[in-house]
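Hi everyone, thanks for coming. I'd like to walk you through one model today, so please have a look at the screen.

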Amino acid sequence: MENLSRARSTQFFNTFSAHVHANAILKLLGFLDQGNLVDIATFSARALADVDTTLRTVRYDAAGPAIRGEEDIDMLRSVRSKLLLKLKPIVDLKQDALTQWESFKSESGFVVVARKLLEEAQLSGKGSDYATKKPSSTPKK
Amino acid sequence: MMDLVQKTGTDASPALAEASLHIYYAWRVLRRIPTKNMANQIDWERIRTLSGLALRSRRGGQDSYNKYLQALALSHLGRWTDAE
């Protein structure tokens, strides 16, 4: 997976490499044990970050005209939807993220939660959904 | 989440900084909702710091968006030479 990341050009932007990377991670997630929270969060966070950043690069803004073909955007949106479908509900993701932080000092769970919450805030369009909601320090059972 | 990480005395990871950056930018800059009686200032220093951390991921050509945000923040802070 690291080699796939390194294989990208440092000089130019390519939507296909982000798509290939995300698809590879999507397939890998299917093989991972569901109890392996850190690996799942690390791979999910990496793929979502890649696709989100790529989508933001190919658009002027959320509602503006595309600077690349719609096909590129559809392709990335499709793999993004599949990645989000693989995730647990937000309440469980928050709990997993705190567990990973307290046990392993891994930030990947927080990244997944942040990406998921951003998605929800953008869908709702409400400013209050973007504001900080501090998690409790210990997960609720 | 950023608070929890920073309380340990370390910088947030590039991935967490990038997620935070994208949330702040989508919330405070992209939404462009007029606020008549409320100050709606954009914290460009925050955008500069977060984009700097995000760029540590070294994704090369794939980092154009974060580079753009950093240059935008620097120009708003009056640091035109750095923005170039």
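A quick word on conventions before that. This is a predicted model, where local features need pLDDT of at least 70, side-chain atom pairs count only at pLDDT 80 or more, and totals for chains, interfaces and linings use all residues. Residues are numbered from 1 along each chain as its sequence is written, while chains are lettered from A and ligands numbered from 1 in the order in which they are written.

So, what is the secondary structure of chain A? It comes to 6 helices and 0 strands, and along the sequence the pattern reads α-α-α-α-α-α. Helices here are DSSP runs of H or I with at least four residues, strands are runs of E with at least two, and both are numbered from the N terminus. Of the 141 residues in chain A, 35% count as buried. By that I mean 20 or more other C-beta atoms within 10 Å of the residue's own; 12 or fewer is exposed, anything in between is partly exposed, and the C-beta atoms are placed from the backbone. Looking at contacts in chain A between residues at least 6 apart in sequence, 59% join residues at least 24 apart. A contact means that the two C-beta atoms, placed from the backbone, lie within 7 Å.

Now let's look at how some of these helices pack. Two packed helices are described by the angle between their axes and the distance between the axes. Take α2(A) and α3(A): they pack at about 155°, with their axes 9 Å apart. Those axes are lines fitted to C-alpha atoms, for helices over the stretch in contact, and the angle runs from 0 to 180 degrees between N-to-C directions. That makes α2(A) roughly antiparallel to α3(A), on a scale where under 35 degrees is roughly parallel, over 145 roughly antiparallel, 65 to 115 roughly perpendicular and the rest oblique. The contact includes A:A18, A:A22 and A:I25 from α2(A), and A:A47, A:V51 and A:T54 from α3(A). By class, this contact has 11 nonpolar, 4 polar and 2 charged residues. For the classes, Ala, Val, Leu, Ile, Met, Phe, Trp, Tyr, Cys and Pro are nonpolar, Asp, Glu, Lys and Arg are charged, and the others, Gly among them, are polar.

Next come α3(A) and α4(A), packed at about 155° with axes 10 Å apart, and therefore roughly antiparallel to each other. Their contact has 9 nonpolar, 2 polar and 2 charged residues by class. Among the residues that meet there are A:V51 of α3(A) and A:L76, A:V79 and A:R80 of α4(A).

Leaving out residues up to four places away in sequence, A:V51 touches A:A18, A:A22, A:L76, A:V79 and A:R80. A:V51 and A:A22 are 29 residues apart in sequence, yet 7.1 Å apart in space, C-alpha to C-alpha.

For contrast, where is A:K105? You'll find it in the loop between α5 and α6 of chain A. With 10 C-beta neighbours inside 10 Å, A:K105 counts as exposed. It also has a positive phi of about 55°, although it is not a glycine.

On to the core. In soluble globular proteins, nonpolar side chains tend to be buried together. Which members of the largest nonpolar core touch the most others? Of its 44 residues, they are A:F110, A:V111, A:V112, A:A114 and B:L16. A nonpolar core here is a set of buried Ala, Val, Leu, Ile, Met, Phe, Trp, Tyr and Cys residues joined through C-beta atoms within 7 Å. α3(A) gives the most to this core, with 9 residues. A:F110 touches A:A97, A:W101, B:M1 and B:L16, again not counting residues up to four places away in sequence.

Finally, chain B. In α2(B), the buried residues include B:L16, B:L21 and B:I23. The buried residues of α2(B) pack against α3 and α6 of chain A, together with α1, α3 and α4 of chain B. After α2(B) comes B:R32, with a positive phi near 45°.

With 22 C-beta neighbours inside 10 Å, B:R48 counts as buried. Leaving aside neighbours within four places in sequence, its contacts are B:Q70, B:A73, B:L74 and B:L77. Thanks, and I'm happy to take questions.
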